[in-house]
Amino acid sequence: MAVSLAVLSPPFLSFTKCSSRFSHCAAAATALFRTLSCTPLKPSPLPRPLHSMATTADNSSPLQNPLHFPTSAIKIPSGGAIKPVDSGSNGLDHPSLVVVSFYRFADFPDHASLRKPLKELCEELRVSGGIILAPEGINGSICGAQESVEKVLSFIQSDKRLKGLRMVESPVTPEDEAIHHGHTSSSPVGAGEDAPFRWDHVRVKLKKEIVTFGDPSVMPTKMVGKYVKPRDWNALISDPETMVIDVRNMYEIRIGKFKRAVDPCTNAFREFPTWIDEQFEMKTSEESGTASTEDGNQVQSENGKQKSLPRVAMYCTGGIRCEKASSFLLSKGFKEVYHLEGGILKYLEEVPKGESLWEGECFVFDKRVSVEHGLVPGTHKLCYGCKQPISDEDMKSPEWEYGVSCPYCFSSKSEEEKERARARQRQFETWGVIGGPDKGRRNPNPVKFGGEDDSKSRRFSNSI
């Protein structure tokens, strides 16, 4: 028996049949808004991704948007009953999620041609996150159902130049799954464009570098240090002859690092080359003619004397920054350059806590903020004023104001900046999305009114 279209049609759509031009009818618009804003008398029979991100204090969703739900996710059996897709192992109306961080350096001059098909595939499979494409390769972190993420990664690696991605997979908490699927949101980041867990948002950007270093002559595809497996890392960094360097930024190192690691005190990765030059008193190749002697283990310092270079072991979050930094050090004359394969994340995944030389938590660039051993979410939160990690102790400070400031950025922000941040926070608390109800999302499947594509006249905002 055929299923009546009325079953799938939102109740307000019948109202539009009486209007040839919806956009010209103020009364119709008012009725539509009231209809969408009312809490339904009965729970929606459709899967939970139907609901918008806006929520009330009790996690209910007063703003319903039928257009936000992709009808392709509904299976209609021959008997006529409507059934949602398999709920997966988490018992909810959607499959369990995974987060995969990946990168690969490659000679990729035609990188721009991959942007459109990759973005379209992610949107079709409801895979969110951020991906960077550049002439030197690809770098990204995506979130979605296991099968969907695997399809995206397979598509990327169908290009032989990108085959062999370096990947780290992390679990997703139920709270983050809710944010990903748009059921709830507990922070401006969860509702904003920087959230990697929003199911309907993926960013695929074109840049000059997949990780900003500022020196195009550094090419890991031609020269790179020696990879060290997590299981062999402890022995290397425990050797007093090894100089352990944390390639990350100060705010990342502040919440966790390896024992004996040196902090370069950088605010951005592009500052790392300057720190190396200053730390080892190096001259540039133009000034000294050559960076190293014949044995390759010494350089000419600024005072004209030969300076021995140490054995160096570097690490970063996922491996990409220290891979590029290792190429830079080799170009400077260093001969013994090692870096942790898979970065801190792989180490925390594979090395038991009882054997670990890691101290603290590892900052990650997504909603989790930080992770601990086993890649379980850490205890740190994010200051939405400066995007730095903060602890429970930091939030006891009088300089802490949710969504506005923390002890690390309070003194650097003007009162005008703080007031703008308060306004953004009020928008989020009111609408569930920064910028108001019409901000941030487009209708992927515009409804036709009277045979006319509504995308050419007036779209319904997915926020209402």
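## Aromatic pairs

In this predicted model, phenylalanine 258 and tryptophan 358 are both buried. Their rings form an edge-to-face aromatic pair, with 5.1 Å from centre to centre and 80 degrees between the planes. Phenylalanine 258 belongs to strand E10 (residues 256-258) and tryptophan 358 to strand E15 (residues 358-360), so the contact ties together parts that are 100 residues apart in sequence.

Tyrosine 384 and tyrosine 402 make another such pair: the ring centres are 5.9 Å apart and the planes stand at 80 degrees, so the arrangement is edge-to-face. This pair links distant parts of the chain, 18 residues apart. Tyrosine 384 sits in the loop between strand E18 (381-382) and strand E19 (389-390), while tyrosine 402 sits in the loop between E19 and helix H14 (415-431). Tyrosine 384 has a relative accessibility of 16% and counts as buried, because the limit for that class is under 20%. Tyrosine 402, with a relative accessible area of 34%, is partly exposed.

The count of aromatic pairs comes to 16. One aromatic cluster is formed by Phe213, Phe269, Phe272, Trp275 and Phe328.

## Charges over rings

Two contacts place a charged side chain over an aromatic face. The charged end of lysine 418 is positioned over the ring of phenylalanine 410, 3.4 Å from the ring centre. Arginine 166 lies over the face of tyrosine 227, at 4.0 Å from the centre of that ring.

## Strand E4 and its partners

Strand E4 (residues 128-134) is mostly covered, with 6 of its 7 residues buried. Strand E5 (residues 137-145) runs antiparallel to E4 and is joined to E4 by 7 bridges. The two strands form a hairpin with 2 residues between them. Within this pairing, alanine 134 has glycine 137 in E5 as its bridge partner.

E4 also pairs with strand E7 (residues 202-206), in this case in parallel and through 5 bridges. In that pairing, isoleucine 132 stands opposite lysine 205 in E7.

Strand E13 (residues 311-315) and strand E14 (residues 337-340) are paired in the parallel sense over 3 bridges. Methionine 314 is opposite histidine 339 in E14.

## Helix packing

Two packed helices are described by the angle between their axes and the distance between the axes. For helix H4 (residues 112-125) and helix H5 (residues 146-156), the axes come within 10 Å and cross at roughly 165 degrees. H4 is therefore roughly antiparallel to H5, since angles over 145 degrees fall in that class. The crossing of H4 past H5 is right-handed.

For helix H10 (residues 272-279) and helix H12 (residues 320-331), the axes come within 11 Å and cross at roughly 40 degrees. That angle makes H10 oblique to H12. The crossing of H10 and H12 is right-handed.

Definitions and conventions. Residues are numbered from 1 along each chain as its sequence is written. This is a predicted model: local features need pLDDT of at least 70, side-chain atom pairs count only at pLDDT 80 or more; totals for chains, interfaces and linings use all residues. Side-chain values use heavy atoms; hydrogens and water are left out. Buried means under 20% relative accessible area, exposed over 50%, partly exposed in between (1.4 Å probe, protein chains only). Helices (H or I, at least four residues) and strands (E, at least two) are DSSP runs, numbered from the N terminus. Two strands pair if DSSP finds at least two bridges between them. Rings of Phe, Tyr and Trp (its six-membered ring) pair if their centres lie within 6.5 Å; planes under 30 degrees apart count as stacked, over 60 as edge-to-face and the rest as tilted. A charge sits over a ring if NZ of Lys or CZ of Arg is within 6 Å of the ring centre and within 35 degrees of the ring normal. Axes are lines fitted to C-alpha atoms, for helices over the stretch in contact, and angles run from 0 to 180 degrees between N-to-C directions. Angles under 35 degrees count as roughly parallel, over 145 as roughly antiparallel, 65 to 115 as roughly perpendicular and the rest as oblique. A crossing is left-handed if the near helix is turned anticlockwise from the far one by less than a right angle, and right-handed if clockwise.
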